There are 2 protein chains.
Amino acid sequence: MTTGVRRRLGVEERRQQLIGVALELFSRRSPDEVSIDEIASAAGISRPLVYHYFPGKLSLYEAALQRAADELAARFVEPHEGPLGARLHRVMGRYFDFVDEHGPGFSALMRGGPAVGSSTTNALVDSVRQAAYVQILSHLGVTDPPARLELVVRSWISLAESTALIWLDGRRIPREELESQLVHDFAALASVSAAYDEEMGGLLRRIFKEEPADGPFADLAGRLLTLAT
Amino acid sequence: MTTGVRRRLGVEERRQQLIGVALELFSRRSPDEVSIDEIASAAGISRPLVYHYFPGKLSLYEAALQRAADELAARFVEPHEGPLGARLHRVMGRYFDFVDEHGPGFSALMRGGPAVGSSTTNALVDSVRQAAYVQILSHLGVTDPPARLELVVRSWISLAESTALIWLDGRRIPREELESQLVHDFAALASVSAAYDEEMGGLLRRIFKEEPADGPFADLAGRLLTLAT
């Protein structure tokens, strides 16, 4: 029985190693271009042995994507301490680290494509978006978000995705600038919503009240006032 | 020879009629749920005759999507007259008309799914995004956009998509409000970029200078100042 347990652990360890090797390859090039032969060779095993663990490239891709989704969701977790702007800014730094490490694979997945679009991969992408949404609400201290707040948070998440994708396409703007910009974009979109809705206005006032005078939100407000005059 | 030309026109007309019927069905329900039998029945022809014109459901779906993409791109076209905010606001009205008419099909396509994701459908979606991008640049009077302007315009287009998708999911916010909000979101995202970049600042000052005192941008600025105090 002990031998049996050991054998099963060995299988699981081999699977995990294979997922790691595959994720590495799927991240560096478009998944379309990565072959099972290449994954086998990088893992130092034979092609049939890869098929022993995974029935095909799609199931290995999905397992690799699951690990990437878990890794990304873990980077969204941030202590509930200190000003909100600074917390979001730290998360943006870790988000761009992830995007940077997985660039070509991230682009291929998010832009969709024959080999990367399936109901499983779509569900994984949505699970990461949902993890981001839940984290942001928890930092805002909101459990039952009004429709306008849900819209601001979810549409900002899609803005963060498209900003990262555009950055990957040529990297013509320093990523540090985009990490700050996305924090400001969040404040700007929330402000637009708050300008027309009393409930959002109250929420935003509460958040901004806790922001330090030298934080990103105050900095933005000052610059916008300069721009307006 | 005349007969031959007539016969070919007949075929093309029948194809176009079939595309119209299919688009109607693919718009009202998720394309996954629409069968060839149903399309044949709605068009008043037999199932084999549908296959005579289109080899399969995917090719008919792609043809319907091509027509929808052309229709949507046509709605982006707006005379180069009057304040920019009002122009964008009119386009947003026509955009939400389109989203409203094609709701379930639009959601299924943009959220991705087994039957709706292919390299052809992705290319069609990208062609509509590109048409929107080209229109906006032409209204801004810019031919060679700096990287930061390209980012603002492209990421705002993705914001408009996600806003429409979130609206479709329950329609909890009046669409008129979102049409205005997206105009303001554009101004807000451009302002954030301008707050940190001299070139964007100059461009934005030039645009805002031409806006009327009772236009959407001035209205937003006034409300934001109220919120900040």
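How many salt bridges are there between chain A and chain B? Hello everyone; the count is four, where a salt bridge is a side-chain nitrogen of Lys or Arg within 4 Å of a carboxyl oxygen of Asp or Glu.

Before going on, some housekeeping. This is a predicted model, so local features need pLDDT of at least 70 and side-chain atom pairs count only at pLDDT 80 or more, while totals for chains, interfaces and linings use all residues. Residues are numbered from 1 along each chain as its sequence is written, chains are lettered from A and ligands numbered from 1 in the order in which they are written, and side-chain values use heavy atoms, with hydrogens and water left out.

Let's stay with the interface. One salt bridge there joins Glu150(A) to Arg172(B), with 2.7 Å between the closest N and O atoms. On the chain A side, the elements that give two or more residues are α7 (119-140), α8, α9, α10 (198-209) and α11 (216-228); helices here are DSSP runs of H or I, at least four residues, numbered from the N terminus. That side divides into 20 nonpolar, 12 polar and 10 charged residues. For the record, Ala, Val, Leu, Ile, Met, Phe, Trp, Tyr, Cys and Pro count as nonpolar, Asp, Glu, Lys and Arg as charged, and the others, Gly among them, as polar.

Contact means heavy atoms within 4.5 Å, and by that rule 42 residues of chain A touch 43 residues of chain B. Together the chains bury about 3700 Å², with 65% of it on carbon and sulfur atoms; this is the accessible area (1.4 Å probe) that the two parts lose on being put together, summed over both.

How do the copies relate? A 180 degrees rotation with 0.0 Å of shift along its axis puts chain A on chain B, at an RMSD of 0.0 Å, using least squares on the C-alpha atoms of residues with pLDDT of at least 70 in both. That is the relation of a two-fold axis. Of the interface residues of chain A, 100% are also interface residues in chain B, so the copies meet through the same surface.

Now for salt bridges inside a chain. Arg148(A) pairs with Asp197(A), the closest N and O atoms being 3.7 Å apart. The two are 49 residues apart, Arg148(A) in helix α8 and Asp197(A) in the loop between α9 and α10. Are they buried or exposed? Both Arg148(A) and Asp197(A) are buried, meaning under 20% relative accessible area, with exposed over 50% and partly exposed in between (1.4 Å probe, protein chains only).

In chain B, the side chains of Arg90(B) and Glu78(B) meet at 2.6 Å, N to O. Here Arg90(B) is partly exposed at 41%, whereas Glu78(B) is buried at 5%. Over in chain A, Arg90(A) lies in helix α5 (residues 84-101) and touches Glu78(A) and Glu81(A), leaving aside residues up to four places away in sequence.

Most residues other than glycine have a negative phi. Arg171(A), though not a glycine, has a positive phi of about 45 degrees. Arg171(A) sits in the loop between α8 (147-168) and α9 (175-196) and is partly exposed, at 39%. Arg171(A) also belongs to a network of salt bridges with Asp97(A), Asp100(A), Arg175(A) and Glu179(A). In chain B, Arg171(B) has a positive phi near 45 degrees too.
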